[in-house]
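Please read this report with the model open beside it, and look for each part as it is named. The headings mark the topics.

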Amino acid sequence: MRILIVEDEKKTAAYLQKGLREQGFVVDISPDGEDGLLLATTVDYDLIILDVMVPLRDGWSVIRELKRRGQQSPVLFLTARDSIDDRVKGLELGADDYLIKPFAFVELLARIRSILRRGPSRPVEQLQMADLTLDQIRHKAFRNGQALDLTPKEFTLLALFLNRPAEVLSRTLIAEQVWDVHFECDTNIIDVAIRRLRQKIDDPFPQKLLHTVRGVGYVLEER
């Protein structure tokens, strides 16, 4: 299982990484909230351990953005912010647990295992942009109330865009997230897939949502 630790204190991060690796986990370290958010939204983590007081983007902001994007990895706050208000805030923002520093590693490990035993969170049932709706539970998509006939890959591709609205996604990222492979940059398989998806979700409707950003990738947004 893979864990992301967002922690700017180097000794704490190294201590956690060493201890968790000894327990069989794959562990990545991020020193600030911006980098942590990027990793959390591009790598499939089984758990994110998040400090509140990290540079560039604090832990509150990170978890808000993760939940806004529909990101499903469980989050455990590990922080010196020890007031009742802080604990309540963390849990209300969607954290699965909240542990105060200083901490005992055995307690942290017990809490991690407890979270992982719960299994994956239930995905957000419906994602929407303008009149485009995707039902992740029933595996159906609609535009302006009309059912869209999407292939499984097209459905997954659309879900990726709707989970990351207004974010420009590179071809490499799309390939890794939808096909789970690394494509050479000169392949046109992503462009073909985007074109076919666009024919279904945009061409029959006056408002276009799926846009090309030349030299970068694609973005789903209202313009």
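## A crossover between two strands

Strand E4, helix H4 (residues 84-92) and strand E5 together make a right-handed β-α-β unit. This description, like the rest of the report, refers to a predicted model. Within the unit, E4 and E5 pair in the parallel sense over four bridges, and threonine 79 stands opposite isoleucine 100 in E5.

In a regular strand, the side chains alternate between the two faces of the sheet. Strand E5 (residues 97-100) is covered on both faces, for Asp97 and Leu99 are buried on one side, while Tyr98 and Ile100 are buried on the other.

## Helix H1 and its surroundings

Helix H1 (residues 10-22) has 13 residues, which at 1.5 Å a residue should span 18 Å, and this agrees with its end C-alpha atoms, which are 18 Å apart. The N-terminal end of H1 is capped by glutamate 9, from which a side-chain oxygen lies 3.1 Å from the backbone nitrogen of lysine 11. After H1 comes glycine 24, with a positive phi near 95°.

Which residues of H1 are buried? They are Thr12, Ala13, Leu16, Gln17, Gly19 and Leu20, and these buried residues pack against strands E1 (2-6), E2 (26-30), E3 (47-50) and E4 (75-79), as well as against helix H5 (105-117).

## An antiparallel sheet

Four strands form an open sheet in the order E6-E7-E8-E9, and their pairing is antiparallel. The edge strands of this sheet are E6 (126-129) and E9 (146-147), each of which pairs on one side only. Strand E7 (residues 132-135) is joined to strand E8 (residues 140-143) by four bridges, and aspartate 135 stands opposite lysine 140 in E8. Helix H6 (residues 152-163) lies across E6, E7 and E8, and runs at about 115° to E7.

## Two loop residues with positive phi

Leucine 56, found in the loop between E3 and helix H3 (59-68), has a phi near 70°, which is a positive value in a residue other than glycine. Is leucine 56 buried or exposed? With a relative accessible area of 68%, leucine 56 is exposed, because exposed means over 50%.

Histidine 139 lies in the loop between E7 and E8, and although histidine 139 is not a glycine, its phi is positive, at about 60°. The relative accessible area of histidine 139 is 45%, so this residue is partly exposed.

Note on methods:
Residues are numbered from 1 along each chain as its sequence is written. This is a predicted model: local features need pLDDT of at least 70, side-chain atom pairs count only at pLDDT 80 or more; totals for chains, interfaces and linings use all residues. Side-chain values use heavy atoms; hydrogens and water are left out. The expected span of a helix is 1.5 Å times one less than its number of residues. Buried means under 20% relative accessible area, exposed over 50%, partly exposed in between (1.4 Å probe, protein chains only). Contact means heavy atoms within 4.5 Å. A polar contact is a pair of N or O atoms within 3.5 Å; within protein, one must be able to donate a hydrogen and the other to accept it, and residues adjacent in sequence count only if both atoms are side-chain atoms. Two strands pair if DSSP finds at least two bridges between them. Axes are lines fitted to C-alpha atoms, for helices over the stretch in contact, and angles run from 0 to 180 degrees between N-to-C directions. A crossover is right-handed if, with the strands pointing away from the viewer, the path from the first strand over the helix to the second runs clockwise.
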